Amino acid sequence: MKPKKQIRVGMVGYRLMGRAHSHAYRDFPFYFDTDTIPVLQAIAGRNEKAVQIAADKMGWASVETDWRRLIERDDIDLIDIVTPNDTHAEIAIAAAEVGKHVFCEKPLAMSLEQAKRMLEAVNKAGVIHMICHNYRFAPAVQFAKQLIEEGRLGKIYHIRATFLQDWLMDPHFPLIWRLRKEVSGGGTLGDLGAHIIDLARFLVGEFSEVAGMMETFIKKRPIGSMTDHLKGRIESDEWGEVTVDDAAVFIARFKNGALGTFESSRFSKGNRAGNRFEINGEKGSIRWDMENLNNLQVYLDDEPGLQGFRTIHCTEEEHPYAAAYWPAGHIIGYEHTFINIVSELMNGISKGYNPKPDFEDGVRNQAVLEAVEESVKTRSWVKVSEAIHD
Ligand SMILES: NC(=O)c1ccc[n+]([C@@H]2O[C@H](COP(=O)([O-])OP(=O)(O)OC[C@H]3O[C@@H](n4cnc5c(N)ncnc54)[C@H](O)[C@@H]3O)[C@@H](O)[C@H]2O)c1
């Protein structure tokens, strides 16, 4: 038997996304027929004891307490960045400069300018790069893309997308990194909005202009940090200012003439992860809801008298990625979106092509984020920058 190619991964950070990515590397060769195996070579974190506990639990072979040492190691091929947003650019650029492939969490950067520098660095180094917009890789979302590309919906007129959560509505929830602009770069817009912007670009096309508004409902919170499962821990009697939005709403025009409405919020009671979209075209519509991610609701103008939204359970072997898992009707979940994106990443590295979404998508998504912020500031419509290089 031909020996399998090994891609040795070094991951920076190890909490929420660290778990999701670690699991994906471990399970990918279990489900997919592949000649490429990710090796969980090393993880980096700042606290030696905590990073060792994480490594033992998630199956990583070694640890580093400084990401710089991780990227310099000769036994690492791919750097995976699952740290807060203010660290992405520095780590990604340094990793590319020493010839490592880079897989980076979203949003790519703190600003459009920074995102462009990251794209330049990976292009210059000629390494493979990918941004982790995992929701593209739910089979139902891939199937939606297929239907749109086949023209089954005809010309697209509308997308309305939301990503709604409610986990920090308690005014005593601490001031975690996600609420500090200097670490996160933005609030719900960059965190949740980035995903629905990416889905819209994937399914509908490029944005042309946007107009938005934002609000910070709770302006001050006790100082603290994140623990597991989007929970926080208060660490001080002091309170600090929330410097990002709690909710962001914007409308958009697409280059192909479609109109979009977008809403991201952490103040939508009862919505735990309300990542949903509806797309309307001249011949049909589709709806998806990540809390029910195997299903795609489809309306097609095809059978008079029987028209109506039907629910397609995207677990048949005809549906993208579904055949890798279980018999029809046997559902998959959130973690499988990461396994599917990792399958693309491994294929890309092994065969030497850049899988999508890549840093160019990261730059284009960042351009939309920046245009929305500008629009909020100036209370006006703002054109989305088309330049992917300065
Ligand atoms: N794709 C998705 O669906 C999704 C979901 C959640 C978060 N994210 C993104 O993933 C990234 C991480 O988010 P998270 O929820 O896992 O955060 P988290 O707070 O759960 O974990 C962050 C990790 O980074 C480490 N860290 C923090 N600062 C560091 C530094 N300066 N150097 C080295 N390590 C450092 C922490 O110790 C921790 O292990 C963010 O960019 C976030 O936007 C993506």
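Predicted model: local features only at pLDDT ≥ 70, side-chain atom pairs only at ≥ 80, totals over all residues.

**Cis prolines.** I went through the peptide bonds and found a cis one joining lysine 106 and proline 107, with omega at about -15°. Proline 107 sits in the loop between β5 (101–104) and α5. Then I found a cis bond between lysine 356 and proline 357, where omega is about 0°. I placed proline 357 in the loop that runs between α9 (334–351) and α10.

I traced leucine 230 to the loop between β9 (220–226) and β10 (232–241).

**Helix pair.** How do α5 and α10 pack? I get an angle of about 170° between helix α5 (residues 112–125) and helix α10 (residues 359–378), with the axes 9 Å apart. Angles over 145 degrees count as roughly antiparallel, so α5 is roughly antiparallel to α10. On the α5 side I listed Leu112, Ala115, Lys116, Met118, Leu119 and Val122 as making the contact. From α10 the contact residues include Phe359, Val363 and Ala367, along with Glu360 and Glu370. By class, I have eight nonpolar, two polar and three charged residues in the contact of α5 with α10.

**Ligand shell.** Which residues come nearest to the ligand? Of the 21 residues around it, I noted Gly13, Arg15, Leu16, Met17 and Glu105 as the nearest. Helix α1 (residues 16–31) gives the largest share of the shell, three residues. I sorted the shell into nine nonpolar, seven polar and five charged residues.

**Domains.** I have the chain divided into domain 1 (5–134) and domain 2 (139–292 + 294–332). Their centres, taken over C-alpha atoms, are 25 Å apart. Eleven residues of domain 1 and twelve residues of domain 2 take part in the contact. The side of domain 1 that touches domain 2 has five nonpolar, three polar and three charged residues.

**Record check.** I looked up UniProt too: the unreviewed entry annotates residues 142–287 as "domain: GFO/IDH/MocA-like oxidoreductase". Over residues 142–287 I get 19% helix and 42% strand. The end C-alpha atoms of that stretch are 13 Å apart.

Key
Residues numbered from 1 in each chain as written. Near = placed C-beta within 6 Å. Helix = DSSP H or I, 4+ residues; strand = E, 2+ residues; numbered from the N terminus. Nonpolar A, V, L, I, M, F, W, Y, C, P; charged D, E, K, R; others polar. Axes fitted to C-alpha atoms, helices over the stretch in contact; angles between N-to-C directions. Parallel < 35°, antiparallel > 145°, perpendicular 65-115°, else oblique. Contact = placed C-beta atoms within 7 Å. UniProt positions renumbered as here; feature names shortened; annotations may be inferred. Domains from an automatic or database assignment.
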